[in-house]
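Hi,

Here's the model I said I'd pass along.

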Amino acid sequence: MTLTDNDWDIRLFIYETLADGGRAPDAETLALQFGISTSAARNALQRLHDAHALVLRPGSSDILMANPLSALPTDYRVLLGDTALYANCAWDALGIPAMLGADARIEARHSLTGARLELAVVGGGLSGCSEYLVHFAMPFRQWYDDIVDT
């Protein structure tokens, strides 16, 4: 499957919207923004999903993830100044400040114990994490077998 230049422009718009702390745009919003039909916007979203360039909610054209950003609130909140963004997992929480080249405070909950975890990324370095470990339950090549549960 080949993504078009318009598909990539749509993806960039989605990332910019989420990174600004906004809601993920729906197909109707994308259609208006890009001067295309809603059906064409849904098709572009499906192509992006199929290419693993973003993740849609099962059975819909609603955006769930634009890795490392989550379109929904999660237990992994990344604070960049006054802007709160959400990550899909601990790894993605570290990816957001790296992607944006920004300092951040990360607030998370341990998936097993519910304990609150706080980290900071300052000047590209990680602080507050001498006792934390990020565990990957499966190798990357298997993540898209079930990206939501991964």
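A quick definition to begin with: I call it a salt bridge when a side-chain nitrogen of Lys or Arg sits within 4 Å of a carboxyl oxygen of Asp or Glu. Bear in mind that this is a predicted model, so local features need pLDDT of at least 70, side-chain atom pairs count only at pLDDT 80 or more, and totals for chains, interfaces and linings use all residues. Residues are numbered from 1 along each chain as its sequence is written, and side-chain values use heavy atoms, with hydrogens and water left out.

By that rule there are six salt bridges. Arginine 105 pairs with glutamate 107, with the closest N and O atoms 2.8 Å apart. Glutamate 107 also bridges to arginine 77 at 3.0 Å. That pair ties together parts 30 residues apart in sequence, because arginine 77 is in strand β4 (residues 76-80) and glutamate 107 in strand β6 (residues 104-109); strands here are DSSP E runs of at least two residues, helices H or I runs of at least four, numbered from the N terminus. Arginine 116 meets glutamate 107 too, at 3.3 Å, N to O. The network links Arg77, Arg105, Glu107, Arg116 and Glu118.

As for the overall layout, the protein chain has four helices and eight strands.

Cheers
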